[in-house]
Amino acid sequence: MIIRAKSPSTDPEVLQILFLAAVAAVVLYQLYATLGRRVGRLPEDAPAPAQPSAGAPVPDAAASFRSDGLTALRARQPDFDPAKFLAGARTAYEQIVKAYAEGDRETLRPLLAPEVMANFEQAMVAREAAGRSEKVEFLAAPRLDLEKIDLIGDIAQAVVRILAEVRTRTKDERGEGVDDRRTAELWTFEREVKSANPNWLLSFVAAAEA
């Protein structure tokens, strides 16, 4: 004779506890999936500094990102300083933006790669043909962050993320217009590491997430 074990009755309170536990697990997963991803960057966010290991040299504040290109560049140019580079990039950025608005080709030529200068020239000629003039002023100091550095052969490329607030004054036959806006762009500067010229040239501009 086979005796079958009698299945115990399920306590309703146990079922309720199990259900609440399952709901809590789903909620925690959704929070992790949402907060664990970072989309874009807010202007007020500061880059998180890398934590040095014991006995290791403290990295430059501007070079807290991880970049094999930075190591490669310093092997070819030991005196490269990311902080000084960013200071120079900020000056170049402000000069380029203002010179482009004013059609100042003499200022632009030593700061731009030939392809970029050709594109700027085409746009300035079109603007002048339309009888339109522009002036730009910065409403706040631009923020620059060094995104990455690449070394391709003898060419070093540095990508800089730039957040700025600018006011553009445009004049034409209809009068003057004023436009205030925030911009977010990625500017790529490059130079030949073997060159005696220490200047970096703007070689590419792309839109970025604010």
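What you're looking at is a predicted model, where local features need pLDDT of at least 70, side-chain atom pairs count only at pLDDT 80 or more, and totals for chains, interfaces and linings use all residues. Residues are numbered from 1 along each chain as its sequence is written, and side-chain values use heavy atoms, with hydrogens and water left out.

Let's start with the fold. The protein has 5 helices and 5 strands, and reading along the sequence gives α-α-α-α-α-β-β-β-β-β. Helices here are DSSP runs of H or I with at least four residues, strands are runs of E with at least two, and both are numbered from the N terminus.

Now for the largest pocket, which holds about 450 Å³ of space. Closest to its centre, among 19 lining residues, are V97, Y100, F120, E185 and W187. A pocket here is an open set of points on a 1 Å grid over the protein atoms alone, where a 1.4 Å probe fits, with protein on both sides within 12 Å along at least five of seven lines; lining residues have an atom within 4 Å of a point. The volume is the space filled by probe spheres set on the points, which are joined across faces, edges and corners. Helix α3 gives the most to the lining, with 5 residues. Other elements that each supply at least two include α5 (114-129), β1 (133-138) and β4 (175-192).

Strand β4 also holds G177. At 30% relative accessibility, G177 counts as partly exposed. Leaving aside neighbours within four places in sequence, G177 is in contact with T168, R169 and T170.

Over in strand β2 (residues 143-152) sits D145. D145 has a relative accessible area of 10%, so it counts as buried. The D145 side chain makes a polar contact of 2.8 Å with the side chain of R143. That term covers a pair of N or O atoms within 3.5 Å; within protein, one must be able to donate a hydrogen and the other to accept it, and residues adjacent in sequence count only if both atoms are side-chain atoms.

Key. Buried means under 20% relative accessible area, exposed over 50%, partly exposed in between (1.4 Å probe, protein chains only). Contact means heavy atoms within 4.5 Å.
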